[in-house]
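Here are some notes for a first look at this entry. Please read them with the structure open beside you.

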Amino acid sequence: MSSRIFINQLDRPSEGLPERNTEVRAFHESLPNYKPTPLVSLPKIAKDLGIGYLLLKDETERLGLTAFKILGASWATYRALTKRLGLIEKDGPPNLGNPSAIPLRTLAEAAQAAEITLYAATDGNHGRAVARMANYLGIKARIFVPSWLDEEAKFKIRNEGAGVQAYDGDYDQTVLATKAAAEQHAEGKGVLISDTALTVDDETASSIVEGYQTMFDEIEEQVLEITGNNTVTHVVTPVGVGSLAQAVVTHFERTPRPTKSMIITVEPKAAACLKTSLEAGEMTSIETGYTICSGMCCGTLSAIGWPILNGGVKAAVAVEDSDVDTAIKNLQTCGINAGPCGAASLAGLEYILSTGGLDLGPNSTVVLLCTEGKRGYQMRD
Ligand SMILES: Cc1ncc(COP(=O)(O)O)c(C=O)c1O
């Protein structure tokens, strides 16, 4: 039986990390309902675990939705459409330093006139976020979901006004089917907003990763406020296709601080494609099984994520659904209403502590990414 934790011996700074784009946060601030999500200190759990600070980034409510995904979906939609509609120079630089260059209303008028339809594959949150963006812009969205996705998730996407199409395959196959459908849409009016890259030159998937930067900008300010310094010894992030983890590594690698932060990734045991890839030393696809962490049920990493995660992740943990279920209940006692993906970070941290690894102790400042709010889920044996 393979171990549930992989400690990465590679420790090379990833090369060619993109610079921080200051325009991203200004764009998010221009969206309805923007406010920084809380970074919540959890002293009781920290004490129980024997660590200094445990700081949970609470993404259970973000821009009016119940997950962090709209940070990436909104920015990627903005970037893809401004380019497709000729509102920025086709191959020129982005609107660096000029955040209000193209207001949402202008973009909406141009997208409606061009009869654009947004396409996305999703196992829940990303599709809902793309549907919300289509809603803001007054255009259509077609969201493809694997047929196993629960009714609650499908209902929430439809409720944004999008068409939902169930695809009889796993998440990876759904991604491919969505790409084909977007390409076949009449007269190039289909625009794919994919949160995973099939090729290394996928600009939209890069914009998704860039969009997550706002979360880290907020974390930097909040850590300073809570602890009085910018020390972050460990960051724990859930992983599906690895785009969020790519954003984590990118940010923490390029931000100077006294000690380098260790990046820890958490995946469901039934869908641990990053851990499998790290163990194999090359990007490896796997067959996925059932997990309550449906947003993380992915069998293939993003092609742009792997080169960065390969050298930038310190430890990869695979968790059981029962550990996640316990973590959900534990967080509830502290007033955090996390869904399975949101609580997976705590489950992963608890597992690492049980192994005694990674220098965790009273001097540690650990940031947990809690990426989604409460949702229904079904435990299976
Ligand atoms: C709530 C939630 N957490 C974590 C993830 C994992 O993010 P990524 O697929 O970028 O690894 C997802 C992906 O959809 C998600 O919906």
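**Domains and ligand site**

1. Start with the overall layout. The C-alpha centres of domain 1 and domain 2 are 25 Å apart. Keep in mind that this is a predicted model.

2. Next, the domain bounds. Domain 1 comes in two pieces, 5–68 and 212–370, according to the domain assignment. Domain 2 covers 70–201 in that assignment.

3. Domain 1 gives 35 residues to the contact, and domain 2 gives 32 residues.

4. Now turn to the ligand.

5. Look at the backbone around the ligand. A polar backbone atom of Gly240 lies 2.7 Å from a ligand oxygen atom. For Gly242, a polar backbone atom is 2.8 Å from an oxygen atom of the ligand. Leu244 also takes part: one of its backbone N or O atoms is 2.9 Å from a ligand oxygen.

6. How much of the ligand's accessible area does the protein cover? On its own, the ligand has 390 Å² of accessible area, and the protein covers 99% of that.

7. One last point concerns the space itself. The ligand takes up the largest cavity.

Notes. Residues numbered from 1 in each chain as written. Predicted model: local features only at pLDDT ≥ 70, side-chain atom pairs only at ≥ 80, totals over all residues. Heavy atoms only, no water. Polar contact = N/O pair within 3.5 Å; in protein donor to acceptor, adjacent residues only side chain to side chain. Areas by Shrake-Rupley, 256 points an atom, 1.4 Å probe, with all protein chains shown as cover. 1 Å grid on protein atoms, 1.4 Å probe; cavity = no way out; pocket = protein on both sides within 12 Å on 5 of 7 lines; lining within 4 Å. Sits in = over half its atoms within 2 Å of the grid points. Domains from an automatic or database assignment. Contact = heavy atoms within 4.5 Å.
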